[in-house]
Amino acid sequence: MILALVLTMTTAVFAAKGKIGVAMPTQSLQRWNQDGANMKAQLEEAGYTVDLQYANNNVATQISQLENMILGGADVLVIASIDGSALGTVLETAKLEGIPVIAYDRLIMETDAVSYYATFDNYMVGTIQGEYLEDALNLENRSADDPAYIEIFGGAPDDNNARYFFNGAWDVIKPYVKSGVVVVPSGQTEFEQIATMNWSSANAQTRMDNLIAAHYSAGQELDAVLCSNDSTALGVTNSLLGAGFEKDNFPVITGQDCDIANTKNIIAGYQSMSIFKDTRTLAAQVVEMVKAIRNNEEPEINNTSDYDNGTGIIPTYLCEPVFADINNYKELLIDSGYYTSEQLGL
């Protein structure tokens with residue numbers, strides 16, 4: 001009887017704090033599993049009930065999941081969208097129901113139902129990748145007589161972040177292309193040319209296979225491949241290995257997310273760096289946003305100028321990314337508890 005009373009009281013406390021719907025795009029990429037798990041754990045620790053759903057990269061599924069969250073009495077929705085322009089109708093329902101919406105790491109476009117946006121500084125992600133190549137290839141001290149040869153792989157065209165990543169990196173590299181210090185043999189430098197549907201490793205591998213056949217099959221030099229994230233980097237790496245590139249002539253490859261497979265490639269010498277976006281940090285910030293919303297307070301934000309979703313500027317909190325490479329991955333990823341040595345095969 002006493003146990004039943006305690007359980008009832010506990011449930012009532014959780015209900016009083018609120019029910020939070022968390023919509024993640026897919027479980028097929030490691031990072032979204034980590035985002036979802038971190039979000040759920042921290043929200044539950046803060047006393048909220050959590051409805052966490054993954055949509056298998058299917059927009060219709062995500063819309064259905066959001067509809068069910070609204071019908072199920074969600075007090076706040078946290079959404080990492082699959083297609084940032086496809087949620088207007090379902091979020092209009094959320095708005096009518098008075099449910100605040102936090103866009104998580106991907107800005108939701110063309111709807112005034114978005115209350116806040118939490119992400120990493122995505123332009124800075126690309127800037128860091130571009131600056132890493134700038135240093136690794138010694139571009140500041142090269143001339144057009146000794147150019148660096150690179151190719152570029154961007155992210156999914158329906159992911160608003162992908163253009164920020166690309167633009168940040170391209171703004172660093174473009175002056176060198178104009179001066180002839182950097183050459184892109186394929187000539188593919190527009191976002192529409194270098195985008196990778198669904199951030200798919202298989203799609204990236206196929207495109208790299210085609211680039212190698214067209215431009216590098218006779219042993220032409222390839223100094224670097226600018227990849228916006230780890231899934232594209234993995235596809236590129238697999239293609240290069242399949243084409244016979246070896247460790248002593250392997251291009252500099254960038255990435256993002258510090259996925260386990262890619263971190264292992266960094267350790268093995270087949271990927272040069274990956275942007276580390278500690279999802280625990282982002283999840284913690286969103287939990288603080290949820291707390292503020294539920295307490296009728298204004299959440300902490302640090303950007304009110306850069307993220308316009310087509311209906312106006314969305315108040316945003318930007319977390320700061322850093323990069324991991326062979327020199328600091330242990331400190332960033334193992335010593336911080338993000339991974340164990342065993343997970344990385346050490």
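In the predicted model, serine 239 is found in helix α9, which spans residues 230-242. The serine 239 position is buried, its relative accessible area being 2%. When neighbours within four places in sequence are left aside, the contacts of serine 239 are with Gln205, Met208, Asp209 and Ile212.

The cysteines were examined next. A disulfide is a covalent bond between the sulfur atoms of two cysteines. Zero disulfides are present in the structure. For cysteine 227, the closest cysteine sulfur belongs to cysteine 258 and lies 14 Å away, so the two are too far apart for a bond. A disulfide would require the sulfur atoms to be within 2.5 Å. Cysteine 319 likewise takes part in no disulfide, and the nearest cysteine sulfur, again that of cysteine 258, is at 15 Å. Cysteine 227 is buried, with a relative accessible area of 0%. Cysteine 319 also counts as buried, at 5% relative accessibility.

Helix α5 comprises residues 122-136 and helix α6 residues 160-179; the axes of the two helices are 7 Å apart and meet at an angle of about 35°. The crossing of α5 and α6 is right-handed. On the α5 side, the contact is formed by Asn122, Tyr123, Val125, Gly126, Thr127, Gly130, Glu131, Leu133 and Glu134. On the α6 side, the contributing residues are Asn161, Tyr164, Phe165, Asn167, Gly168, Ala169, Asp171, Val172, Ile173 and Tyr176. By class, the residues of this contact between α5 and α6 comprise nine nonpolar, seven polar and three charged. Among the charged residues of the contact are Glu131 and Glu134 of α5 and Asp171 of α6.

Four strands make up an open sheet in the order β7-β6-β8-β9, and their pairing is parallel. Strands β7 (182-183) and β9 (252-253) form the edges of this sheet, each pairing on one side only. Strand β6, covering residues 148-153, runs parallel to β7 and is joined to β7 by two bridges. Within this pair of strands, alanine 148 is placed opposite valine 182 of β7.

Note on methods
Residues numbered from 1 in each chain as written. Predicted model: local features only at pLDDT ≥ 70, side-chain atom pairs only at ≥ 80, totals over all residues. Heavy atoms only, no water. Buried < 20%, exposed > 50% of the residue type's maximum accessible area, 1.4 Å probe, protein only. Contact = heavy atoms within 4.5 Å. Axes fitted to C-alpha atoms, helices over the stretch in contact; angles between N-to-C directions. Left-handed = near helix turned anticlockwise from the far one by under 90°. Pairing = 2+ DSSP bridges.
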